[in-house]
Amino acid sequence: KGELRMQSLTFDDAGMYQCIAENIHGIIYANAELKIVASPPTFELNPMKKKILAAKGGRVIIECKPKAAPKPKFSWSKGTELLVNGSRIRIWDDGSLEIINVTKLDEGRYTCFAENNRGKANSTGVLEMTEATRITLAPLNVDVTVGENATMQCIASHDPTLDLTFIWSLNGFVIDFEKEHEHYERNVMV
């Protein structure tokens, strides 16, 4: 197949590699550079969010994406408590922390630790819980004669510290009220 495989790479393996394919019609060349990367984990370019919001009873994923080579091993703590995979908490292979059925007790400081054979680093963020957004009045089915107008209502409750946006869709496609203003009209009631 013309494949070159290398194992247990060292810095000495870095450089320009050239593949030469030859037959009775001639020779062609292709070049590629191999860079050997090795660095301790660092959060300089991608620190953890300082404030993470999670809806009560919902699911939250806290990302932990340091730059590191080779890929680091990850661990997490909440305050001084080391976290392990369980029924509500899961540490993903990419370092992200998932919490399901979020409760007030989950609020606090979360720290992601990343370690490889070059070093270690950590980054911290604070998880805060918000009230879940709920639809309190859902649109009802409407029978309308062709040519008449129809009105549908949707009312929701939400955490007062957050903004709320209503998005309407028809058969799974979001309605663009700017383009279809002659057919659809949005009335926002406060």
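## Contacts of Ala69

Ala69 touches Val37, Ala38, Ser39, Asn116 and Arg118, leaving aside residues up to four places away in sequence. Contact here means heavy atoms within 4.5 Å. The model is predicted: local features need pLDDT of at least 70, side-chain atom pairs count only at pLDDT 80 or more, and totals for chains, interfaces and linings use all residues. Residues are numbered from 1 along each chain as its sequence is written, and side-chain values use heavy atoms, with hydrogens and water left out.

Ala69 belongs to strand β6 (residues 67-69). Strands (E, at least two residues) and helices (H or I, at least four) are DSSP runs, numbered from the N terminus. With a relative accessible area of 13%, Ala69 is buried. Buried means under 20% relative accessible area, exposed means over 50%, and partly exposed lies in between (1.4 Å probe, protein chains only). Asn116, one of the residues that Ala69 touches, is 47 residues from Ala69 along the chain, and the two C-alpha atoms are separated by 7.5 Å.

## Ser39

Ser39 lies in strand β3 (residues 39-42). Its relative accessible area is 18%, so Ser39 is buried. Not counting residues up to four places away in sequence, Ser39 touches Ala68, Ala69, Asn116 and Arg118.

## Cysteines

The chain has one disulfide, by a rule that asks for a pair of cysteine sulfur atoms within 2.5 Å. A disulfide is a covalent bond between the sulfur atoms of two cysteines. The pair is Cys64 and Cys112, with sulfur atoms 1.8 Å apart. The link of Cys64 and Cys112 is left-handed, with -75° about the S-S bond. This pair links distant parts of the chain: Cys64 is in the loop between β5 (59-62) and β6, Cys112 is in strand β11 (residues 108-116), and they are 48 residues apart.

Cys64 and Cys112 are both buried. Cys19 is partly exposed, with a relative accessible area of 42%. Cys154 also counts as partly exposed, at 22% relative accessibility.

## Domains and annotation

The chain is divided into domain 1 (40-130) and domain 2 (132-189); these bounds come from an automatic or database domain assignment. The C-alpha centres of domain 1 and domain 2 lie 36 Å apart.

An unreviewed UniProt entry carries the annotation "domain: Ig-like" for residues 41-128. UniProt positions are given in the numbering used here, feature names are shortened, and annotations may be inferred rather than shown by experiment. Over residues 41-128 the chain is 56% strand and 0% helix, and the end C-alpha atoms are 26 Å apart.

## The chain as a whole

The chain contains 16 strands and zero helices. Its radius of gyration is 27 Å, well over the 16 Å that the globule rule gives for 190 residues, so the chain is more spread out than a compact globule. The radius of gyration is taken over C-alpha atoms, and the globule rule is 2.2 Å times the number of residues to the power 0.38. Taken along the principal axes, the C-alpha atoms of the chain fill a box of roughly 75 × 60 × 30 Å.

Of the 190 residues, 23% count as buried. Among contacts between residues at least 6 apart in sequence, 51% join residues at least 24 apart. The chain exposes about 15100 Å², and carbon and sulfur atoms supply 52% of it. Accessible areas come from the Shrake-Rupley method with a 1.4 Å probe; for residues, only the protein chains shown count as cover.
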